[in-house]
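Student: I would like to learn how to read a few structural features. Can we work through an example?

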Amino acid sequence: MSKPQPLSINRACKPRSFLCIASPKSSPGITFISCSLQSFSVTGATAKKMSDSGALSSVANAGGRLEKARIKSTMEQYKKYHGGNEGTRKANAADMVNKYYDLVTRYVEYTWGESFHFASRCKGETFRESIKRHEHFLALQLGLKRGMKVLDVGCGIGGPLREIARFSLTSITGLNNNEYQISRAKELNRLAGFSESCKLVKGNFMDMPFPDNTFDGIYAIEATSYATDLVACYKEICRVLKPGQCFAAYELCLTDHFDPRNEKHQKIKADIELGSGLLDIRTTSQCLEALKLAGFEVVWERDRSLDSEVPWYLPFDAFKLAINNFRSIAIGRCITRSVVSMLEFVGLAPAGSSKVHSFLEKDGDALVEGGRDEIFTPMYFFLARKPLSNS
């Protein structure tokens, strides 16, 4: 019997690829394991190179604009805000949500991509394809075309903005109240060639820095769910939209299956709120009523998760093995958790990184439970029109 060959680490992995662990004599069909690293070296000479790229960058640069020494304390402050009563949450809402996105943006960008949202998915369709189709659907519903001025409310780091601009040939303005996400979106716009055609504006969607009747179309993807007052938020969107034009959005909502008397349902709701930075999750009927009170005419609405042939929560399901969700299954999570802890221990990741990773894992579990029990949807869609006159 030949002597077993020691495991070696394949350093030829491409950016955002799997960390390949295999025998030197493996066939082309070698087993590979994702551990949220794109390359690995134990020598100190390459440590900086590691921390400046891909997955390691997402950990080493965790916290956005925050000083690295403040990651842990910011995490505790965020949880303190979220654990307070409703009045405390509302009073500190802007700071709470900003802290949340400062903490999680780099993690989410690496694991999820540049578009921070869910999508309905067809059989045979890849995750990335479903994300693009989800965005194209908005463009088609709004009838976007060249020459139109469009607003993306709560644009994140601009993934949907760039995709919709590319698809519809429109000029899109992205509004975001998080300084770090704005700076990241500007850099990604520059790299993608959208610096001139797409603007990014730092501002609060509860008080937007635009004149009345500015935009030919407005959309929001899981963003206005963070509004402290949904009616006031929709009224502000209505104000900057031209008469006769439409607002389309996907909202994070509780469905009619949610039972407020059910302790399990309440726990799932609370865990999603904490892990997603939400003040409160509204019902689909509350969103619909808020639109009408804000002065919109509802053209049509539907929970689009009902149209998904593949469960929308599949990428988070720890017990469903798929190539594109390896980081989310049990073994992938275990490896990632170990790597983040190791990087934090040796000083390549800020103190508190493992806690951020842990509460995002908990959020993923809650989203899966909410999806399976059909009490939560991340894609309650509506198309609403601003009347031609106030009457």
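This is a predicted model: local features need pLDDT of at least 70, side-chain atom pairs count only at pLDDT 80 or more; totals for chains, interfaces and linings use all residues.

Student: Let us begin with strand pairing. In which sense do strand 7 and strand 10 pair, and over how many bridges?

Tutor: Look at the direction of the two strands, then at the bridges. Strand 7 (residues 241-254) pairs with strand 10 in the antiparallel sense. There are 8 bridges between them. Take one example: cysteine 253 has threonine 377 of strand 10 as its bridge partner.

Student: How many bridges join strand 9 to strand 10?

Tutor: Here the count is 6, and these strands also run antiparallel.

Student: Now the second largest pocket. How much space lies in it?

Tutor: Start with volume, then go to the lining. The second largest pocket holds about 380 Å³ of space. Its lining has 20 residues, and the closest to the centre are Thr255, Asp303, Ser305, Leu306 and Glu374.

Student: Which elements each supply at least two residues of that lining?

Tutor: Strand 9 (297-303), helix 13 (353-372) and strand 10 (376-385) do.

Student: What is the make-up of the lining by class?

Tutor: The second largest pocket is lined by 7 nonpolar, 7 polar and 6 charged residues.

Student: Next, arginine 106. Is this residue buried or exposed?

Tutor: Compare its accessibility with the cut-off. Arginine 106 has 14% relative accessibility, so this residue counts as buried. It is found in helix 5 (residues 93-112).

Student: With which side chain does the side chain of arginine 106 make a polar contact?

Tutor: The partner is the side chain of tyrosine 180, at 3.3 Å.

Student: Last, the cysteines. How many disulfides does the count come to?

Tutor: A disulfide covalently bonds the sulfur atoms of two cysteines. In this model the count is 0. Check cysteine 155: the closest cysteine sulfur, in cysteine 198, is 10.0 Å from its own sulfur, too far for a bond.

Student: How accessible are cysteine 155 and cysteine 122?

Tutor: Cysteine 155 has a relative accessible area of 4%, so this residue is buried. Cysteine 122 has 28% relative accessibility and therefore counts as partly exposed.

How values were computed: Residues are numbered from 1 along each chain as its sequence is written. Side-chain values use heavy atoms; hydrogens and water are left out. On a 1 Å grid over the protein atoms alone, a cavity is a set of points where a 1.4 Å probe fits but cannot get out, and a pocket is an open set with protein on both sides within 12 Å along at least five of seven lines; lining residues have an atom within 4 Å of a point. Grid points are joined across faces, edges and corners, and a volume is the space filled by probe spheres set on the points. Helices (H or I, at least four residues) and strands (E, at least two) are DSSP runs, numbered from the N terminus. Ala, Val, Leu, Ile, Met, Phe, Trp, Tyr, Cys and Pro count as nonpolar, Asp, Glu, Lys and Arg as charged, and the others, Gly among them, as polar. Buried means under 20% relative accessible area, exposed over 50%, partly exposed in between (1.4 Å probe, protein chains only). A polar contact is a pair of N or O atoms within 3.5 Å; within protein, one must be able to donate a hydrogen and the other to accept it, and residues adjacent in sequence count only if both atoms are side-chain atoms. A disulfide is a pair of cysteine sulfur atoms within 2.5 Å. Two strands pair if DSSP finds at least two bridges between them.
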